[in-house]
Amino acid sequence: MNNKIDETDWQLIQLLKDKGRESSANLGRELNLARTTVAARIARLEREGIIKGYSVRLSSSAESATVRAYCSISVTPRSGVSVIRALDKMFEVEEVSAVSGQFDYVAFLRCSTHENLDELLDRIGNLEGVHLTQTSVILNRKIDRRSTVS
């Protein structure tokens, strides 16, 4: 894997994040590159594992129709790998980060209802190796630089 990313690659990656469904020709016009050059760069970034995949961003109205929460998780010694494997199988768990401090991991959760969140938190709390959890339900997002969709 080469992993050499130049300034044009970073600009292309940002455009793909903002306009993932844009054609190579339109991306090329914005970058002042040929369509074939853009397509080749995207293919290389995918082949080298720099671009791992593509996803959907929800609008603010769709986002607010879900219940979102951060769940801090403390695990017993040597159980981190099995806990992460179990969390990975729960589709409501969108992201897990290892963190410093009192907890070992912070998970971003998304559920359709408060009842679903309650059930999910029970499942997480009952995982073998989970010592302690603390959950904060997201009431309102104040700043989000990851999404440009309104």
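How are α2 and α3 oriented to each other? The two helices are roughly perpendicular to each other, a term that covers angles of 65 to 115 degrees, while angles under 35 degrees count as roughly parallel, over 145 as roughly antiparallel and the rest as oblique.

This is a predicted model, in which local features need pLDDT of at least 70 and side-chain atom pairs count only at pLDDT 80 or more, whereas totals for chains, interfaces and linings use all residues. Residues are numbered from 1 along each chain as its sequence is written, and side-chain values use heavy atoms, with hydrogens and water left out.

**Helix packing**

Helices (H or I, at least four residues) and strands (E, at least two) are DSSP runs numbered from the N terminus; axes are lines fitted to C-alpha atoms, for helices over the stretch in contact, and angles run from 0 to 180 degrees between N-to-C directions.

| Helix pair | Angle | Axis distance |
|---|---|---|
| α2 (residues 24-31) and α3 (residues 35-47) | about 100 degrees | 8 Å |
| α1 (residues 7-18) and α2 | roughly 130 degrees | within 11 Å |

Between α2 and α3, the contact (heavy atoms within 4.5 Å) is made by Ser24, Ala25, Leu27 and Gly28 of α2 together with Arg35, Val38, Ala39 and Ile42 of α3. By class, this contact has five nonpolar, two polar and one charged residues, where Ala, Val, Leu, Ile, Met, Phe, Trp, Tyr, Cys and Pro count as nonpolar, Asp, Glu, Lys and Arg as charged, and the others, Gly among them, as polar.

On the other pair, the crossing angle of roughly 130 degrees makes α1 oblique to α2. Here Gln11, Leu12, Leu15 and Leu16 in α1 meet Leu27, Glu30 and Leu31 in α2, and by class the contact has five nonpolar, one polar and one charged residues.

The loop between α2 and α3 holds Ala34, which is partly exposed at a relative accessible area of 40% (buried means under 20%, exposed over 50%, and partly exposed in between, with a 1.4 Å probe and protein chains only). Ala34 lies 10 residues from Ser24 in sequence and 8.4 Å from Ser24 in space, C-alpha to C-alpha.

**The sheet**

Four strands form an open sheet in the order β2-β3-β1-β4, with antiparallel pairing; two strands pair if DSSP finds at least two bridges between them. The edge strands β2 (93-98) and β4 (130-137) each pair on one side only, and the twist averages 20 degrees from one strand to the next. Strand β1 (residues 67-75) pairs with β4 over seven bridges, and Ala69 stands opposite Val137 in β4. Helix α6 (residues 114-125) packs on the sheet and touches β1, β2, β3 (105-111) and β4, its direction making about 150 degrees with that of β3.
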